[in-house]
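Visitor: Could you take me through one part of this model in detail? I would like to look closely at the place where the two chains meet.

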Amino acid sequence: MRIAVLSGKGGTGKTLVSVNLATIANSSTYIDCDVEEPNGHLFFKPKEIEKKNVSVKIPVIDDDKCIKCRKCIDFCKFNALAFVNNKVKVFEDICHSCGGCQLICPTKAITEKDKIVGEVQIGKFKDIDVYTGLLDTGKASGSPIIKKLLEENINNDKLTFIDCPPGSACIVMESIKDADYCVLVAEPSIFGAHNLKMVYELVTLFEKPFGVVLNKVVEGENPSEVFCIENNIKIIGKIPFDKKLGTINSNALIVVDEDEQYSQIFSTLLETILKEVEHETIINS
Amino acid sequence: MRIAIPANEKNMEDLVCPSFGRAPYFLIYDTQSSEGVFLENTAASSQGGAGIKAAQIVVDNKADVLITPRCGTQAAEVINAAGIKVYKSQNISMIDNIKAFEKNELAALENFHAGFHGHGGN
Ligand code: SF4
Ligand code: SF4
């Protein structure tokens, strides 16, 4: 079973929630899909790491075969190709490896080469399998890394927690595509409610069952909570705003291992999620 | 000599557009005939790589010089490969920038900013 944890922006508590859920669950898997800034490994400190390169296909132009018709340049909607000095020039970091230019070229002047864009690391921390994706800086898209992470994990039948990239761009869609349930983490501010709306729209688009965890909860008005009530969204957990939690977190310690109160909060949250998923399965079967 | 300038409006009295890749138009000014034409920048609405496509338009229109407030590294690669010289515009109208250029008063643009390419992340 795959549980994806999302939020509209970074620093909302996405990693806190996914790391602690993975710790509370027995012998689970944690996948860090935030490939531009993975930080789950700071908490899990995985050992026996196995590394695998991730590469993409980049076009290579054979200048002798090229008849300079510029069809490839007009075709590329990412503008990764330009025509200068009477030659086609490839911008490798802009190319999204769609393979289209190769198909469109009338003289088969375009072939492909492999280019490494990052890696996946698979390690262990106690009984948790830790998967981390790393995108090399400046590369066009984290999608190939996320695909590889989820592919590596495909035969894993453990309870899996996916720490998604922030936002609602296509790399987030890639991360939640095969999830059975989505957990949306939201902060108690107007801005937080706005970010929640973004990911809410995404999970509804994908027709995923989901629930919201309100983080950094204080007394008083919570615009994210208001948003949930207005839209009939299930709130599955609340994490209080707490200095102690902040300190444990910033020391890269796992809070459920350090504090009984939080161990309780996350056990309850996990139970709620599992019940929700079960409920969904019954409805859909 | 042909000079390219990113433009907001089809009016040479107007200021230079602050963006290169996303400028609505390009002014192509011919110093021999003292005439300018405005071209639509079809790159402006691109999802990504707007700078590269905009640079392609400038190259295809056989500009010798580009006067712009800024330019990304990727666009600069195309512009430089075509041997076009890049000068930094001043905060005056396009036509006055051209005059300043003709009097050798414009400095070469030296800082190229990294692009915001990619479509993921925040
Ligand atoms: S593979 Fe696709 S994205 Fe890359 S240069 Fe060719 S058409 Fe553009
Ligand atoms: S489509 Fe093929 S032949 Fe035409 S410009 Fe591109 S590489 Fe050259």
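**Where chain B meets chain A**

Guide: Happy to. Between chain B and chain A the count is two salt bridges. Please keep in mind that this is a predicted model. One salt bridge joins the side chains of B:Asp60 and A:Arg70, with 2.5 Å from N to O. On chain B, the elements that give two or more residues to the side touching chain A are helix H1 (50–60) and helix H2 (73–81). H1(B) provides the largest share of that side, six residues. Sorted by class, the side of chain B that touches chain A holds eleven polar, six nonpolar and three charged residues.

Now let us take in both partners. Chain B brings 20 residues to the contact, and chain A brings 23 residues. Together the two chains bury about 1700 Å², with 55% of this area on carbon and sulfur atoms. Polar contacts are there too: seven residue pairs between chain B and chain A, both residues at pLDDT 80 or more.

While you have chain A in view, have a look at a helix pair within it. Helix H7 (residues 190–205) of chain A packs with helix H8 (residues 223–230) of chain A at an angle of about 40°, and their axes are 7 Å apart. Because of that angle, H7(A) is oblique to H8(A). From H7(A), the residues that meet H8(A) are A:Ile190, A:Gly192, A:Ala193, A:Leu196, A:Lys197 and A:Tyr200, and their partners in H8(A) are A:Pro223, A:Ser224, A:Phe227 and A:Cys228. By class, this helix contact has seven nonpolar, two polar and one charged residues.

Terms used: Residues numbered from 1 in each chain as written. Chains lettered and ligands numbered in written order. Predicted model: local features only at pLDDT ≥ 70, side-chain atom pairs only at ≥ 80, totals over all residues. Heavy atoms only, no water. Contact = heavy atoms within 4.5 Å. Buried area = accessible area lost by both parts, 1.4 Å probe. Salt bridge = Lys/Arg side-chain N within 4 Å of Asp/Glu carboxyl O. Polar contact = N/O pair within 3.5 Å; in protein donor to acceptor, adjacent residues only side chain to side chain. Helix = DSSP H or I, 4+ residues; strand = E, 2+ residues; numbered from the N terminus. Nonpolar A, V, L, I, M, F, W, Y, C, P; charged D, E, K, R; others polar. Axes fitted to C-alpha atoms, helices over the stretch in contact; angles between N-to-C directions. Parallel < 35°, antiparallel > 145°, perpendicular 65-115°, else oblique.
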